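Q: I would like to learn how to read the features of a model like this one. Please take them one at a time.

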Amino acid sequence: MAALGYQAEDTIFALSTGIERAAIAVLRVSGAGSRNILLQVCGKLPVARKAVLRKIWNNASTQDDLLDEALVLWFPGPQNYTGEDGFELHLHAGPAIIRAVSEALVNAGARPAEPGEFTRRAFVNGRMDLVEAEGIADLVAAETDGQRKLALAQADGALSQLYSGWSERLKKILAFQEALIDFPDEDLPAEVEEGINQEIQKLQFEMQQHIADGEHGERIRQGVVFAITGPPNAGKSSLLNWLTGRDTAIVSSKAGTTRDALEAACILAGIKVTFVDTAGLRETDDEIEAEGVRRALFHVKQADCVLQMFPANEPPDDIFPGATLIGNKVDIGEIPKTILGKDVFAISLKTGDGLPELYTFLQRKVEELTAASASGAPLLTRARHKAGVQEAVRCLHAALLQDWPELRGEELRLAMRALGRLTGHVGVEDLLDTIFGQFCIGK
Ligand SMILES: Nc1nc2c(ncn2[C@@H]2O[C@H](COP(=O)(O)OP(=O)(O)OP(=O)(O)O)[C@@H](O)[C@H]2O)c(=O)[nH]1
Ligand SMILES: [K+]
Ligand SMILES: [Mg+2]
């Protein structure tokens, strides 16, 4: 496993609870020096994994400088989060107490942890793989139910099992492939080679399926984006404000009110949804408005879903690909039921007509965009995973095209390597800083 010589032997500590006002603050310590440090600040080692009330001293042996009375938990390694000896102090959460106890820990030989250092140690000590560690980072950052569920499954190893299952199968294929290389003149049944091909194709198919479902996982993790577009005065800003329950955008009867793209987010069907209100689309000589229109079109292109609005009596001639049509101001004029064969939602942001139906539709749309995979397999959640699985698919494809058994074996090994990098089982030293740098301090 990767060596982290410059820091692995240090004993680290961090405040694991938030810095807002609270009743209790947890200081967490991990590393080989934990036992001695704990003895120095509280005198006697508590029973493992049992919360015990103890006085915390700057130096327990001389009993000078009482700092707090706290719950102490002693977690000897390796059966704990980081795999090293460690302990927790559940202090009264006053800033002066936290500062004084932190200083006592430094006096005793610990140093403050870097962001993600606890989890990085857990990885280095084989307590979890990289995909699980990323799941922990996502779990801590989760704001919506969708993000929480996805992260929990990942931290729990569901995605890792999928990837390591593929690795295991590749290992078997490779073993058969080696047999073909080592015993070219033996009478290995023709089914062996045929079987290898079939198994490679099957793996390739499953991986491609996983990549195809991956958009859903990334949307759950990062949220779904809806762009609101249409001509000036369609009521786009009114819709943004209504959907998010906030007065984000200026609404006025002056056409061309909105220039910049405005974003506001809310939670819909357990998913973070960002609505982008944009400048009304029209030909204009005004330089600033023209830039607004250019940006509007950019957002329409980027969005997961486009809400194309128009005011009563002004039905559009063109429809953006895949857009949902919304006719507003049904209170003052006619709105066609369909345009170019597409259904139209008739609403009024003034009277509230049609809004419950639109809201239900948007919830369904979000569910559709983030639905679990048809096979029930865990979803891919990050670009890093996508790149790794894509690389493995490319290698399997190359293996299938390769007639030379030795070269075919090499492609299979490269595919295994791509999967190994995902979970962190091979060659990931250069990735570690990127991955663990995203964590907060204390995790
Ligand atoms: N009668 C009626 N007026 C509405 C309705 N919805 C919005 N309005 C009015 O229409 C005008 C334009 O609304 P906005 O929300 O600013 O429209 P917009 O599409 O954002 O306009 P731009 O930013 O200029 O492109 C405002 O005066 C709103 O009060 C509606 O359902 N019925
Ligand atoms: K307007
Ligand atoms: Mg507007």
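Q: Which residue in E5 does Leu71 stand opposite?

A: Leu71 stands opposite His90 in E5. Before going on, note that this is a predicted model, in which local features need pLDDT of at least 70, side-chain atom pairs count only at pLDDT 80 or more, and totals for chains, interfaces and linings use all residues. Residues are numbered from 1 along each chain as its sequence is written, while chains are lettered from A and ligands numbered from 1 in the order in which they are written.

Q: How many bridges join E4 to strand E5?

A: Strands (E, at least two residues) and helices (H or I, at least four) are DSSP runs, numbered from the N terminus. Two strands pair if DSSP finds at least two bridges between them. Here five bridges join E4 to strand E5 (residues 86-92), and the two run antiparallel. Strand E4 (residues 64-75) is also joined to strand E3 (residues 52-59), by seven bridges and again antiparallel. In that pairing Leu53 stands opposite Leu71 of E4. Four residues lie between the strands in the hairpin of E3 and E4, where Gln63 takes a positive phi near 50°.

Q: What is the order of the strands in the open sheet of seven?

A: A general point comes before the case. In a regular strand the side chains alternate between the two faces of the sheet. The order is E8-E9-E7-E10-E11-E13-E12, with mixed pairing. Strand E8 (262-268) and strand E12 (338-339) are the edge strands, each pairing on one side only. Within this sheet, strand E7 (residues 224-229) and strand E9 (residues 271-277) run parallel and are joined by five bridges. One bridge partner to look up is that of Phe226, which is Phe275 in E9.

Q: Why does the span of helix H5 agree with its number of residues?

A: The expected span of a helix is 1.5 Å times one less than its number of residues. Helix H5 (residues 130-141) has 12 residues and so should span 16 Å; its end C-alpha atoms are 17 Å apart, which agrees.

Q: Is H5 mostly covered or mostly uncovered?

A: Burial is a count: a residue is buried if 20 or more other C-beta atoms, placed from the backbone, lie within 10 Å of its own, exposed if 12 or fewer, and partly exposed in between. H5 is mostly covered, with nine of its 12 residues buried. Among them are Leu130, Val131 and Ile136, and Glu132, Glu134 and Asp138 are also buried.

Q: Is Asp182 buried or exposed?

A: Asp182 is exposed, because 9 other C-beta atoms lie within 10 Å. Asp182 lies in helix H7 (residues 158-182). Asp182 and Val52 are 130 residues apart in sequence, and their C-alpha atoms are 62 Å apart in space.

Q: Which domains does the assignment give?

A: Domain bounds come from an automatic or database domain assignment. For the protein chain it gives domain 1 (5-129), domain 2 (142-220 + 377-423) and domain 3 (229-369). The centres of domain 2 and domain 3, taken over C-alpha atoms, are separated by 42 Å. Seven residues of domain 2 are in contact (C-beta atoms, placed from the backbone, within 7 Å) with six residues of domain 3. On the side of domain 2 that touches domain 3, H8 gives the largest share, three residues.

Q: How many residues surround ligand 1?

A: A residue is near a molecule if its C-beta atom, placed from the backbone, lies within 6 Å of it. Ligand 1 is surrounded by 22 residues, the closest being Ser237, Ser238, Thr258, Gly280 and Lys350. Helix H9 (residues 236-244) gives the most to this shell, with three residues.

Note on methods:
Contact = placed C-beta atoms within 7 Å.
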